[in-house]
Amino acid sequence: MTETLDIDRGELEQVTGDLLARHCDVAHLRDRLEAGGAHAPALWWRLAETGLVSALVPAEFGGAGLEPAHLPGVLHATGYHALPEPLLETAVLAVTLLAAFPDHPDADARLGGIAEGSLLATVRFGDADRHVAFAADAHLVLDVAPDGAVTAYAADQLEVVPAAGVDPLRPVAAVIPHGAGDLLGTSPDVAAHVRDLAVAGAACQLAGAARRLLDLTVEYVADRHQFGRPVGSFQAVKHKIADVAVGVDMAEAAALGAFGAEDAHDRARRAASAKAYAGQAADRANVEALQLHGGIGFTWEHHLHVWLKRTMSLTAAHGTPAAHRRTLARDLLARIGEEE
């Protein structure tokens, strides 16, 4: 990573963290839960006004023209604050697909709409995705077929059937297209790139959510007292916290390094490794956070459940840790076979 890129990434992460701390706090999340809908137009407009939605949109279409390598810290912050908006789906995955076919007649309108915050989009990876995140809120769904064909469907060309997902702030739905849709083009390389971005992006968000679980737990055991001492002062509790912290540190390093990697083959391996690490760290953080919070951790009144559900939802998204480990193992065995 160059020094300039490192500085840009740090500044973007700081801006995102500050914005979400003010406008996506626990009160906002509870408001969305009570309203029965995750997406809030006012918050999305704030993200657009800040330039986060248009960061990857090419400059000729009204965006900043940045590269994915600028955004891993931004995605980590969205996980840390449990952002209930399709930032990964719209500002990263959909923008990358639309920008890959700039000669399409609607490229200008669609990318411009995303840049100004008036168009929400999400992505379905062919028949591999039973459920698509934020499909019910999206104006446009981009379908990526196994052969690399990318087809756009407007909302009125789809039947969207909401599913009973674990996280109501990251709603998922089954998507059934009607008609042929609008074929943008076919490119297996673009499709593979976007799949890798989806996996690595989910790993960044998952690492951020796991970090929040760790911070909430440290705060709780420092405040909660038993036998006249903070619960966190007991050695058994310290060991659990330390184990979670090591896992989260490793997951963050893997995820932040994987998102935006340029080499195609290395990019896929790094994305799979990052998602496997993040899933394992989040699962450990989930279990220990719930146990160390005691009975209060099970209740609706305590906000811990927001991040418990977010980590469960993200762990299942774009391939489970077990699925990615199998892929990595097959790749390793194949390379060993080639060398013998």
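Modeller: Let us begin with helix α5 and helix α6 (residues 107–116), which pack at an angle of about 160° with their axes 10 Å apart. The axes are lines fitted to C-alpha atoms, for helices over the stretch in contact, and the angles run from 0 to 180 degrees between N-to-C directions. This is a predicted model, in which local features need pLDDT of at least 70 and side-chain atom pairs count only at pLDDT 80 or more, whereas totals for chains, interfaces and linings use all residues. Residues are numbered from 1 along each chain as its sequence is written, and side-chain values use heavy atoms, with hydrogens and water left out.

Biologist: What makes α5 and α6 roughly parallel or roughly antiparallel?

Modeller: Angles under 35 degrees count as roughly parallel, over 145 as roughly antiparallel, 65 to 115 as roughly perpendicular and the rest as oblique. The angle here is about 160°, which makes α5 roughly antiparallel to α6. The crossing of α5 past α6 is left-handed, a term used if the near helix is turned anticlockwise from the far one by less than a right angle, with right-handed used if clockwise.

Biologist: Which residues of α5 and α6 meet?

Modeller: From α5 they are T90, A94, V95, L98 and A99, and from α6 they are R110, L111 and I114, contact being defined as heavy atoms within 4.5 Å. By class they divide into six nonpolar, one polar and one charged, where Ala, Val, Leu, Ile, Met, Phe, Trp, Tyr, Cys and Pro count as nonpolar, Asp, Glu, Lys and Arg as charged, and the others, Gly among them, as polar.

Biologist: How does the crossing of α5 with helix α7 (residues 188–223) compare with these definitions, and at what angle do the two pack?

Modeller: Helices α5 and α7 pack at about 165°, with their axes 9 Å apart, which makes α5 roughly antiparallel to α7, and the crossing is right-handed. On the α5 side the contact is made by L88, V92, L93, T96 and L97, and on the α7 side by V190, H193, V194, L197, A198, G201, A202 and Q205. These residues divide into nine nonpolar, four polar and no charged.

Biologist: Why is α5 called mostly covered?

Modeller: Buried means under 20% relative accessible area, exposed over 50%, and partly exposed in between (1.4 Å probe, protein chains only). In α5, 12 of the 13 residues are buried, among them L87, E89 and T96. Helix α5 (residues 87–99) also lies across β1, β3, β4 (149–154) and β7, running at about 70° to β1.

Biologist: How do you know which strands are the edge strands of that sheet?

Modeller: Two strands pair if DSSP finds at least two bridges between them, and the helices (H or I, at least four residues) and strands (E, at least two) are themselves DSSP runs, numbered from the N terminus. The sheet is open, with four strands in the order β1-β3-β4-β7 and mixed pairing. Its edge strands are β1 (121–124) and β7 (182–186), each of which pairs on one side only, and the twist averages 20° from one strand to the next.

Biologist: Why is β3 described as largely enclosed?

Modeller: Five of its five residues are buried, so β3 is largely enclosed by the rest of the structure. L140, L142 and V144 point one way from the strand and V141 and D143 the other way, and all are buried.

Biologist: Which strands form the sheet with antiparallel pairing?

Modeller: That open sheet has three strands in the order β2-β6-β5, and its edge strands are β2 (132–133) and β5 (158–162), each pairing on one side only. Two bridges join β2 to β6 (residues 172–177), and A133 stands opposite V172 in β6.
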